[in-house]
Amino acid sequence: MEKMQFKTVISAPVAEVYSKMIGKETFKQWTAVFNPTSDFEGGGVEGNWEKGSKILFVGTNAEGKREGMVGYIRENTPNRYVSIEYAGILDDDEEVTEGPIAEAWQGFENYTFEYQDGSTIVTVDIDVNDEMVDYFRKTYPKALDKLKEICEA
């Protein structure tokens with residue numbers, strides 16, 4: 001597991017960046033960089049970002065199979081900070097949260113929002129599975145560029 005950090009400066013108010021980063025429709029837009037079918041859901045409902053809630057980050061792979069990550073919102077201070085703890089993976093409809101496969105994906109993804117000189121600095125700190133380091137190094141900056149584009153439109 002490697003700790004990685006990504007930053008971007010977005011010319012938009014913090015509240016707008018925060019809401020577009022985690023908003024249902026805009027989340028799908030900026031995370032489409034990772035998977036064109038990216039979405040989130042939880043607990044049999046649409047999913048939410050409230051502290052303590054379970055959240056599933058889902059998409060469809062090239063074979064049409066549902067997959068993703070099982071997470072819990074550990075902290076959500078609106079317009080300031082969001083912390084997600086990953087417990088494992090989603091394999092079709094099965095949540096795998098124990099064993100070596102799950103352990104390889106357990107970790108945190110944290111978003112920090114700071115206001116500076118009329119812009120918002122978004123910092124993402126993420127624990128990355130060793131096999132995915134190069135992928136995230138290339139892809140996360142593109143995803144943040146997409147978020148920036150959405151927020152500055």
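Here are some questions and answers about the predicted model above. Residues are numbered from 1 along each chain as its sequence is written, and side-chain values use heavy atoms, leaving out hydrogens and water. Because this is a predicted model, local features need pLDDT of at least 70 and side-chain atom pairs count only at pLDDT 80 or more, while totals for chains, interfaces and linings use all residues.

Q: Which residues touch the most other members of the largest nonpolar core?
A: A nonpolar core is a set of buried Ala, Val, Leu, Ile, Met, Phe, Trp, Tyr and Cys residues joined through side-chain atoms within 4.5 Å. Buried means under 20% relative accessible area, exposed means over 50%, and partly exposed lies in between (1.4 Å probe, protein chains only). The largest core holds 37 residues, and those touching the most other members are Met21, Trp49 and Tyr111.

Q: Which helix gives the largest share of this core?
A: Helices here are DSSP runs of H or I with at least four residues, and strands are runs of E with at least two, numbered from the N terminus. The largest share of the core is 8 residues, and they come from helix 4 (residues 133–152).

Q: Which parts do the buried residues of helix 4 pack against?
A: The buried residues of this helix include Phe136, Tyr140, Ala143 and Leu147. Contact means heavy atoms within 4.5 Å. The partners are strand 1 (2–10), helix 1 (14–22), helix 2 (24–31), strand 7 (107–116) and strand 8 (119–128).

Q: Where in helix 4 does the kink lie?
A: The bend at a residue is the angle between axes fitted to the seven residues ending there and the seven starting there. Helix 4 has 20 residues and spans 28 Å from its first C-alpha to its last, close to the expected 28 Å; that expectation is 1.5 Å times one less than the number of residues. The kink is about 30 degrees and comes shortly before the proline Pro141, at Thr139.

Q: Why does the pair of Phe27 and Phe57 tie together parts that are apart in sequence?
A: Both Phe27 and Phe57 are buried. Phe27 lies in helix 2 and Phe57 in strand 3 (residues 54–60), so the pair joins parts whose separation in sequence is 30 residues.

Q: Is the pair of Tyr135 and Phe136 stacked or edge-to-face?
A: Tyr135 is partly exposed at 31% relative accessible area, whereas Phe136 is buried at 14%. Their ring centres are 5.6 Å apart and their planes stand at 90 degrees, so the pair is edge-to-face.

Q: Which residues does Phe34 contact, leaving aside neighbours within four places in sequence?
A: Phe34 sits in the loop between helix 2 and strand 2 (39–41) and is partly exposed, with 23% relative accessible area. Its C-alpha lies 7.3 Å from that of Ala143, though the two are 109 residues apart along the chain. The contacts are Tyr135, Phe136, Thr139, Tyr140 and Ala143.

Q: Which ring does the charged end of Lys24 sit over?
A: A charge sits over a ring if NZ of Lys or CZ of Arg is within 6 Å of the ring centre and within 35 degrees of the ring normal. The charged end of Lys24 is 4.4 Å from the ring centre of Phe40.

Q: How many degrees is the positive phi of Asp92?
A: Asp92 is in the loop between strand 5 (81–91) and strand 6 (94–96), and at 38% relative accessibility it counts as partly exposed. Although Asp92 is not a glycine, its phi is positive, at about 65 degrees.

Q: How far apart in space are Glu131 and Met1, C-alpha to C-alpha?
A: Glu131 lies in the loop between strand 8 and helix 4 and is exposed, with a relative accessible area of 70%. Glu131 and Met1 are 130 residues apart in sequence, while their C-alpha distance is 8.8 Å.

Key: Phe/Tyr/Trp six-rings, centres within 6.5 Å; stacked < 30°, edge-to-face > 60°.
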